[in-house]
Amino acid sequence: MSDSNAALTTPTGSARGYAPGRTLPLAVEIVRQFKRRRTLVVFGLLLALPWILVISFKFGAGPGQSGATGLRVVDLATQGGLNFAAFALLTSANFLLAVAVALFCGDSVASEASWSSLRYLLAAPIPRDRLLRQKLIVAMGYSAAAVICLPVMALLAGTLAFGWNDVRVPQTGETIAALDVLPRFGVVVGYVLVSQFVVAALAFLLSVSTDSPLGAVGGAVGLVIVSNILQAVEALGSLREFLPTFWSNAWLDALAAQPSYEGMLKGVAVSVTYSVIMIAFAFRRFRVKDVVS
């Protein structure tokens with residue numbers, strides 16, 4: 001090696017001044033993703049939905065209540081802010097939030113591949129594992145923000161529209177002090193976020209496997225649809241408990257007069273197990289992925 005080349009490289013052969021740990025900073029990736037139109041549209045929709053529901057209840061005929069027992073979540077939506085937030089979360093968690101999470105995670109790497117910018121990022125050079133880790137952290141961060149912002153805005157909208165009242169429990173009609181339920185509602189939001197990990201992990205795995213963002217997002221949303229269909233097949237028996245969406249509404253037990261967390265614990269175990277496996281496959285797939293062709 002000539003003296004000039006030696007002066008430009010370190011003993012390990014890398015260029016002097018090159019620090020792999022400083023490539024693609026999180027702040028840069030966060031700003032890049034925030035400026036994208038799909039990010040603004042998703043958050044705009046999630047923040048507007050609670051107010052649309054409030055308007056619907058205000059100008060509609062109103063939910064029909066069937067007495068003290070047999071009440072559904074929708075029947076109690078106008079009873080107070082927490083009841084309204086629970087209704088908004090129940091109606092959106094199984095599809096709308098899943099679509100938002102799939103969009104952020106499925107579009108993260110596949111969009112770079114479709115724009116042909118992925119090869120230039122790796123040629124910067126950014127280590128593959130670091131690039132994927134940074135993309136995953138930012139995608140999960142935006143997914144978490146999406147899952148959290150909807151119930152928080154629903155709580156604000158419901159409280160302003162229907163007041164800060166005690167919570168009435170669906171089915172039984174029992175009343176619980178709002179301040180007693182508020183910490184449980186925080187646990188509920190956290191559980192809904194964890195239950196979306198499966199959608200996020202599959203979308204991310206598909207994102208590193210294809211250069212079609214729509215395919216990655218559609219594949220993850222398809223998982224939710226198929227899982228919900230299979231969940232209705234009673235012939236599957238206890239096998240349904242291993243479906244990623246089977247425990248998605250287990251959080252309703254946490255808002256009962258006598259809260260139960262058994263279903264939520266099972267849901268967390270299923271979601272985390274699937275997610276870890278798929279994320280591991282995503283990193284393994286990306287390490288050997290051909291980004292040139």
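## Burial and overall build

A residue is called buried if its relative accessible area is under 20%, exposed if over 50%, and partly exposed in between, using a 1.4 Å probe and protein chains only. By that criterion, 44% of the 293 residues of the protein count as buried. The model is predicted, so local features need pLDDT of at least 70 and side-chain atom pairs count only at pLDDT 80 or more, while totals for chains, interfaces and linings use all residues. Residues are numbered from 1 along each chain as its sequence is written, and side-chain values use heavy atoms, with hydrogens and water left out.

Secondary structure is taken from DSSP runs numbered from the N terminus (helices: H or I, at least four residues; strands: E, at least two). The protein has 12 helices and 2 strands, in the sequence order α-α-α-α-α-α-α-α-β-β-α-α-α-α. Contact means heavy atoms within 4.5 Å. Among contacts in the protein with a separation of 6 or more, 76% are between residues 24 or more positions apart.

## Cavities

Rolling a probe the size of a water molecule over the atoms shows where empty space is left. The search runs on a 1 Å grid over the protein atoms alone: a cavity is a set of points where a 1.4 Å probe fits but cannot get out, a pocket is an open set with protein on both sides within 12 Å along at least five of seven lines, and lining residues have an atom within 4 Å of a point. Grid points are joined across faces, edges and corners, and a volume is the space filled by probe spheres set on the points.

There are 3 cavities of 30 Å³ or more. The largest cavity holds about 140 Å³ of space. It is lined by 14 residues, of which N94, S195, Q196, T245 and S248 are the closest to its centre. Two or more lining residues come from each of α9 (178-195), α10 (197-207) and α11 (213-231), with α11 giving the largest share at 3 residues. For residue classes, Ala, Val, Leu, Ile, Met, Phe, Trp, Tyr, Cys and Pro count as nonpolar, Asp, Glu, Lys and Arg as charged, and the others, Gly among them, as polar. The lining of the largest cavity has 8 nonpolar and 6 polar residues, and no charged ones.

Q196 is found in the loop between α9 and α10. Its relative accessibility is 7%, so Q196 counts as buried. Beyond its neighbours within four places in sequence, Q196 is in contact with A93, L97, A98, V101 and V147.

## Largest pocket

The largest pocket holds about 250 Å³ of space. Of its 19 lining residues, V73, V169, P170, L252 and L255 are the closest to the centre. The elements giving two or more residues to this lining are α4 (81-93), β1 (167-168) and α9, and the largest share, 3 residues, comes from α4. By class, the lining of the largest pocket has 13 nonpolar, 3 polar and 3 charged residues.

## Aromatic pairs

A pair of aromatic rings is described by the distance of the centres and the angle of the planes. Rings of Phe, Tyr and Trp (its six-membered ring) pair if their centres lie within 6.5 Å; planes under 30 degrees apart count as stacked, over 60 as edge-to-face and the rest as tilted. The count comes to 8 aromatic pairs.

In the pair F43 and F104, the ring centres are 5.7 Å apart and the planes are at 40 degrees, so the pair is tilted. F43 lies in helix α3 (residues 37-59) and F104 in helix α5 (residues 96-106), so this pair ties together parts that are 61 residues apart in sequence. F43 is buried at 17% relative accessibility, and F104 is buried at 2%. F246 and W247 form an edge-to-face pair, 4.9 Å centre to centre with 85 degrees between the planes. F246 is partly exposed at 24%, whereas W247 is buried at 14%.

Ring pairs also link F57, F84, F87 and F162 into a cluster. A charge sits over a ring if NZ of Lys or CZ of Arg is within 6 Å of the ring centre and within 35 degrees of the ring normal. R128 lies over the face of F286, at 5.7 Å from the ring centre.

## V42 and its contacts

V42 is found in helix α3 and counts as buried at 11% relative accessibility. Leaving aside neighbours within four places in sequence, V42 is in contact with A100, L103 and F104. The C-alpha atoms of V42 and V101 are separated by 9.8 Å, and the two residues are 59 residues apart along the chain.
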